[in-house]
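These are my notes from going through one protein model. I wrote down what I looked up and what I found.

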Amino acid sequence: MAPKEGDSKGKEEKESVKINKWDSSAVKNSLDDAVKEVLTKKFNYVENFGLMDGRLAICTIAVGVATFALLWDYFYPFPQSRPILIFSVATYFFMMAILTLYTTYKEKGIFAVCTQKEGQKKGTVWIASSAMEKYDDKYELLLIIKDPKSGAVKSIESRKSCANFITVDGVICQDLVEAEVTRLHNSLLNERKEK
């Protein structure tokens, strides 16, 4: 059965997402997604959600404490619930401070942690992080490789204008992103072989 015209058009629309190229946050997030897609689909690495799970655990504790305070205040109105409310508010703000420290010092702009599940480099961890200033066009991509056996860590960085990856219409050029990520990826692998 031959594919219909609408089917191929739908695939093209799905692959090319149009973004507001003047919104640096949207540009960064879209480029991050494109890099993650290269790591997981082209190289077939399995994404590890441990960092995100840590953030979700901190948020869950904070929301759980706030929910507990809300329920406690419902069953024991204000004068009786005062100590619980004070404790809950203090705990909530403490957890938000922990979340800020976690995202600043632990995550450090990391948007993808992937593990190589096949081949002779099985178990190797690939970490991708990025940065892009609010009014700057430079997209900084840092690719890190960790060898679980030796504990060796290697990294390589790319700092290019986002115009290298986005059309005038605001469409991400996945093939250009893939070429850059592949270049960084292969450079890290070659560096490992030389040493």
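Is Lys108 buried or exposed? I looked this up and found Lys108 exposed, with a relative accessible area of 57%. The model is a predicted one, and every value in these notes is computed from it.

**Entry: backbone angles**

I stayed with Lys108 and checked its phi. The angle is positive, about 50 degrees, although Lys108 is not a glycine. Lys108 sits in the loop between α4 and β2.

I noted a second case, Asn44, where phi is near 60 degrees, again a positive value in a residue other than glycine. Asn44 belongs to the loop between α2 and β1. With a relative accessible area of 43%, Asn44 is partly exposed; over 50% would be needed to call it exposed.

**Entry: the sheet**

Next I traced the strands. Five of them form an open sheet, in the order β1-β2-β3-β4-β5, and the pairing is antiparallel. In general, the strands of a sheet pair through backbone hydrogen bonds, either parallel or antiparallel.

Which are the edge strands? I found β1 (46–47) and β5 (153–161), each of which pairs on one side only. I then looked at how β1 joins β2: they pair in the antiparallel sense over two bridges. There, Glu47 stands opposite Cys114 of β2.

**Entry: nonpolar cores**

I went to the largest nonpolar core, which has 29 residues. Leu31, Val35, Leu39, Leu143, Val177 and Val181 touch the most other members. The elements that give two or more residues to this core are α2 (24–42), β2 (110–115), β3 (125–131), β4 (138–146) and α5 (174–194). Of these, α2 gives the most, with six residues.

I picked Val177 and listed its contacts. Leaving out residues up to four places away in sequence, Val177 touches Leu31, Ala34, Val35, Phe165 and Ile172.

**Entry: salt bridges**

How many salt bridges are there? The count comes to eight. In general, side chains of opposite charge can pair when their charged atoms come close.

The side chains of Arg55 and Glu107 meet in a salt bridge at 2.9 Å, N to O. This pair links distant parts of the chain, as Arg55 is in helix α3 (residues 50–75) and Glu107 in helix α4 (residues 78–107), 52 residues apart. Arg55 is partly exposed, with a relative accessible area of 28%. Glu107 is buried, at 6%.

In the second pair, Arg159 bridges to Glu140, with the closest N and O atoms 3.0 Å apart. Arg159 lies in strand β5 and Glu140 in strand β4, 19 residues apart, and the pair links distant parts of the chain. Arg159 counts as partly exposed at 48% relative accessibility. Glu140 is also partly exposed, and its relative accessible area is 23%. I noted too that Asp136, Glu140 and Arg159 are linked in a network of salt bridges.

Glu180 counts as buried because its relative accessibility is 6%, and the limit for buried is under 20%. Arg183 is partly exposed, with a relative accessible area of 42%.

Methods: Residues numbered from 1 in each chain as written. Predicted model: local features only at pLDDT ≥ 70, side-chain atom pairs only at ≥ 80, totals over all residues. Heavy atoms only, no water. Core = buried A, V, L, I, M, F, W, Y, C linked by side-chain atoms within 4.5 Å. Buried < 20%, exposed > 50% of the residue type's maximum accessible area, 1.4 Å probe, protein only. Helix = DSSP H or I, 4+ residues; strand = E, 2+ residues; numbered from the N terminus. Contact = heavy atoms within 4.5 Å. Pairing = 2+ DSSP bridges. Salt bridge = Lys/Arg side-chain N within 4 Å of Asp/Glu carboxyl O.
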